[in-house]
Amino acid sequence: EANPNLGWRDVQHILARTARQNRPFDASWRTNDAGLHVSDQFGFGAIDAGAAVAMAQVWTNVGAEFMHDTGEVIEALAIPDNDTTGLTRTVNVPVHMRIESVELVLDANHALCGQLRVTVRSPGGLDSLLANTRTDNSNTYNNGYTFTTMKHLAERAAGTWTLKLADTAAGTTGTLDS
């Protein structure tokens, strides 16, 4: 009600920018390249309704949504078994725009995908943990599994993005296909 002209993307920006760090001393907190505090455990933090309403009253709506697709990168590379260093691949994004979300469409063949740790690093150096290791191995990342992260909200997109894929347990191998 404070600003009936807001769209869902505007609300998303406002909530992230006005959130407060819950558990501010938790080691998971990072500051992204746009100056926003973000955590793999807590997202942008606890919603501060008062601050959000105040910002909404003076908010200038974001522009039209723009998408950049780097295109499919065919790899067919073996993922090193039981190696936390894993393998890294990079892609350059030449477009100068601000991030709202990042999507990674991953095609990896591994019998126990719960052994895989998947991260993406922005040009500003912030890592987003897309998949951590787990004991549930029922899923595979075949046929284009889509990961989405908001951790890079408002960062600049231009530059080198890095995918890291690590197999953290011995005995089962796999490949990064694309």
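Me: Is Ala 76 buried or exposed?

Reply: The model is a predicted one, and every value discussed here is computed from it. A residue is called exposed when its relative accessible area is over 50%. Ala 76 has a relative accessible area of 58%, and therefore counts as exposed. Ala 76 is part of the loop between helix 2 and strand 3.

Me: Where is Ala 154 found, and why does it count as buried?

Reply: Ala 154 is found in the loop between strand 8 and strand 9. The limit for a buried residue is under 20% relative accessible area. Ala 154 has 7% relative accessibility, so it counts as buried.

Me: How should I read a salt bridge, and how many does the structure hold?

Reply: Side chains of opposite charge can pair when their charged atoms come close. The structure holds four salt bridges. One of them joins Arg 9 to Glu 100, with 2.8 Å between the closest N and O atoms. Arg 9 belongs to helix 1 and Glu 100 to the loop between strand 4 and strand 5, so this pair ties together parts that are 91 residues apart in sequence. Both Arg 9 and Glu 100 are buried.

Me: Which residue forms a salt bridge with Glu 75?

Reply: The partner of Glu 75 is Arg 89, and their closest N and O atoms are 3.2 Å apart. This pair also links distant parts of the chain: Glu 75 lies in the loop between helix 2 and strand 3, while Arg 89 lies in strand 4, 14 residues apart. Arg 89 counts as partly exposed because its relative accessibility is 34%.

Me: How do strand 6 and strand 7 run, and how many bridges join them?

Reply: Strand 6 (residues 116-121) and strand 7 (residues 127-131) run antiparallel and are joined by four bridges. The two strands form a hairpin with five residues between them, and Gly 125 in the turn has a positive phi of about 95°. Gly 124 also lies in the loop between these strands. With a relative accessible area of 44%, Gly 124 is partly exposed. The C-alpha atom of Gly 124 is 25 Å from that of Asp 83, a residue 41 positions away along the chain.

Me: What is the bridge partner of Arg 121 in strand 7?

Reply: The bridge partner is Asp 127. Arg 121 and Asp 127 also form a salt bridge, in which the closest N and O atoms are 2.6 Å apart. Arg 121 is partly exposed, at a relative accessible area of 39%, and Asp 127 is partly exposed as well, at 29% relative accessibility.

Me: What is the strand order in the open sheet of four strands?

Reply: The order here is 3-10-5-8, and the pairing is antiparallel. Strand 3 and strand 8 are the edge strands, since each pairs on one side only. On average, neighbouring strands of this sheet are turned by 40° against each other, direction ignored. Strand 3 and strand 10 (residues 174-176) are joined by three bridges, and Leu 77 has Leu 176 as its bridge partner in strand 10.

Me: What volume does the largest pocket have, and which residues are closest to its centre?

Reply: The largest pocket has a volume of about 1,300 Å³. It is lined by 43 residues, of which His 68, Thr 70, Val 102, Glu 103 and Leu 104 are closest to the centre. The elements that give two or more residues to this lining are helix 1, strand 4, strand 5, strand 8 and strand 9. Strand 5 gives the most, with six residues.

How values were computed: Residues are numbered from 1 along each chain as its sequence is written. This is a predicted model: local features need pLDDT of at least 70, side-chain atom pairs count only at pLDDT 80 or more; totals for chains, interfaces and linings use all residues. Side-chain values use heavy atoms; hydrogens and water are left out. Two strands pair if DSSP finds at least two bridges between them. A salt bridge is a side-chain nitrogen of Lys or Arg within 4 Å of a carboxyl oxygen of Asp or Glu. Buried means under 20% relative accessible area, exposed over 50%, partly exposed in between (1.4 Å probe, protein chains only). Axes are lines fitted to C-alpha atoms, for helices over the stretch in contact, and angles run from 0 to 180 degrees between N-to-C directions. On a 1 Å grid over the protein atoms alone, a cavity is a set of points where a 1.4 Å probe fits but cannot get out, and a pocket is an open set with protein on both sides within 12 Å along at least five of seven lines; lining residues have an atom within 4 Å of a point. Grid points are joined across faces, edges and corners, and a volume is the space filled by probe spheres set on the points.
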